Amino acid sequence: MQVDEFRHGVRAWLDDHERDVTPSADAAVSVAAQLDHQRRLQRMLFDDGWMRWGWAQQVGGLGGSPTLRAVLGEELTARAAVHTTSWSMHEVLGPAVAQFGAPDLVAEIFPRLLRGDEFWCQGFSEPEAGSDLGSLRTTAELNGDVWVVNGEKLWTSFAHHATRCVVLARTGRPGSRGISAFLVDMNTPGVAARPLRTMARVEEFCSTSFVDVEVPAHRLLGDVDGGWKVAQHILSCERGAIFWQRGAWLGYHLGLLLDRADETGSAAALGQAFQLLWAFRATSKATQERIATGHLPGPEASVDKIMIGAAEQAVFDTARELLCGAIESGDTPAAQSWRREWAYARAATIYGGTSEIQRDIVATHLLELPRSA
Ligand SMILES: Cc1cc2nc3c(=O)[nH]c(=O)nc-3n(C[C@H](O)[C@H](O)[C@H](O)COP(=O)(O)OP(=O)(O)OC[C@H]3O[C@@H](n4cnc5c(N)ncnc54)[C@H](O)[C@@H]3O)c2cc1C
C-alpha cells in the first residue's frame, strides 16, 4: 500500500463514518469516555484493515511502511477524532513488545491491542526515579518459574483502564544494567492502580503499586538485566513517531484559534505559535523519514521533544489569551476541553523526559560537549 493511496483511503473512510468518528463532548473531559470512544473507533478501523497497515503480519498486521501508522494517527488527530494522549500508547509500547516479547505471546495478544480490545500502559517512573530512571527501586525476584514484583510506579498514564503494563524492575546490580522489563497483566493479584487527579481535574494517570505480584517467566521482555535496551526502545518511540500525530493535534487547535483571529486581534501571539509549530513539524518530518527507512529515532529526537514542548505551550498560551477567561473559569464543555489542553501543555516539557534532560542529551550526544562536573 502506497502512502498517498493509504491517506486517500483513510480520509474517505473517516468522511463516510463521520458520525462514529466524531467523539462526544464528554470524551474531551472524561478519560473513561475518551477511551470508550477510542475503543469503538479502533475496532472499526481494525475490522476494515486501516489499523493493521504498517504493522508486521506476525503481530496481526498487513505489512507496509511504519509511515502508514503515522499517517493514520495524523489523519485522526488532525480532526480530533481521537485524543493523542491515549492514541499514542500502542505506538509507544507496541514496537518494543513486538520486538522483545516471546513470539507466541506477541502473536496471541498483539491483534487485541491493535483492535482496541486491550489497552497497555507504561510503568517506568517511580516516586524517587523519573529523570534518573536507572535508580529505580521496584524489584523482581525469580522464585521457581515466576518473577515476584514489588514496588511503586508513579504517573502511570491510564493504568486504571489498562489491561497490561510494561514494568521496569530491578533484577540485578544497581544502575541501568541491573534492570529487566516485564509485561504484567493489570488484573494480577497485588496490582493496584490509584488514579491521580490533574490540575485540569482529569483522572489521567495513577500511582500504581505492586505487592508480591507473580509474573510468569515468559512475560520477561528481552533478557534478564536487559531491560534498559527495552526502555530505550520505548523512550525513542515516545520521542519519535508519536510527535507527528501530536503536531497534527496542535494544528487542529491552532486552526480553531485562527478562526477567531479577526475577532481578537492577537495576530502576534498566533504568528509566534504558528512559527514554532511549523518549525517543529519540519523537524518531526525528518524523523518520520528516518523511521520509514527502518531506523529508530536516536538522540536527534530530543530536538523534536524540546521543540514540541515549546510549540505546545505557545499554542495553548495563545488560546488562554484569546479565549479571555474561558480557560480559567469557563464551564461550557468547550471551555473545559481548552482548560484540559492548556493544563496538559504544562506537562509537555516533562513527560517522556524533561526539556532539561533532552538538552543534556543534545549537548553530550549531538554536540559532543564534555559533561559538566
Ligand atoms: C502527563 C505525564 C504523563 C506521564 N506518563 C507516564 C507514564 O505513562 N509512565 C511513566 O513511567 N512515567 C510517566 N510520566 C512521568 C515522566 O516520565 C516523569 O515525570 C519525567 O521523566 C520526570 O521525572 P520526575 O517527574 O521524577 O522529575 P525529576 O526527575 O525529579 O526532575 C525534577 C526537575 O529536575 C530536573 N532535573 C532532573 N535531573 C536533572 C539533570 N540531570 N540535569 C538537569 N535537570 C535535571 C528536571 O528537568 C525537572 O525539572 C508522565 C509525566 C507526565 C507529566
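These notebook entries record what I looked up in a predicted model.

**Ground rules.** I note that local features need pLDDT of at least 70 and side-chain atom pairs pLDDT 80 or more, while totals for chains, interfaces and linings use all residues. Residues are numbered from 1 along each chain as its sequence is written, and side-chain values use heavy atoms, with hydrogens and water left out.

**Entry: α4 against α9.** I looked up helix α4 (residues 67-78) and helix α9 (residues 241-258), which pack at an angle of about 20° with their axes 8 Å apart. Helices here are DSSP runs (H or I, at least four residues), numbered from the N terminus, and axes are lines fitted to C-alpha atoms over the stretch in contact, with angles from 0 to 180 degrees between N-to-C directions. The two helices are therefore roughly parallel to each other, a term kept for angles under 35 degrees. I also recorded that α4 passes α9 in a right-handed crossing, in which the near helix is turned clockwise from the far one by less than a right angle. On the α4 side the contact (heavy atoms within 4.5 Å) is made by Ala70, Gly73, Glu74, Thr77 and Ala78, and on the α9 side by Trp244, Gln245, Ala248, Trp249 and Tyr252. By class I find six nonpolar, three polar and one charged residues in the contact of α4 with α9, where Ala, Val, Leu, Ile, Met, Phe, Trp, Tyr, Cys and Pro count as nonpolar, Asp, Glu, Lys and Arg as charged, and the others, Gly among them, as polar.

**Entry: α8 against α9.** I then turned to helix α8 (residues 227-239), whose axis comes within 4 Å of that of α9 and crosses it at roughly 25°, which makes α8 roughly parallel to α9. Cys237, Glu238 and Arg239 of α8 make the contact with Ala241, Ile242 and Phe243 of α9, and these residues divide into four nonpolar, no polar and two charged.

**Entry: the ligand.** Which residues are the closest to the ligand? I list Ser125, Ser131, Trp155, Thr354 and Glu356 as the closest of the 16 residues that surround the ligand, each with a heavy atom within 4 Å of it. For polar contacts (pairs of N or O atoms within 3.5 Å), I noted a polar side-chain atom of Ser131 at 2.6 Å from an oxygen atom of the ligand and a polar side-chain atom of Glu356 at 2.7 Å from an oxygen atom of the ligand. A polar backbone atom of Trp155 is 3.0 Å from a nitrogen atom of the ligand.

**Entry: Ala363.** I placed Ala363 in helix α15 (residues 355-366). Leaving aside neighbours within four places in sequence, Ala363 is in contact with Glu368 and Leu369.

Technical notes
Angles under 35 degrees count as roughly parallel, over 145 as roughly antiparallel, 65 to 115 as roughly perpendicular and the rest as oblique. A polar contact is a pair of N or O atoms within 3.5 Å; within protein, one must be able to donate a hydrogen and the other to accept it, and residues adjacent in sequence count only if both atoms are side-chain atoms.
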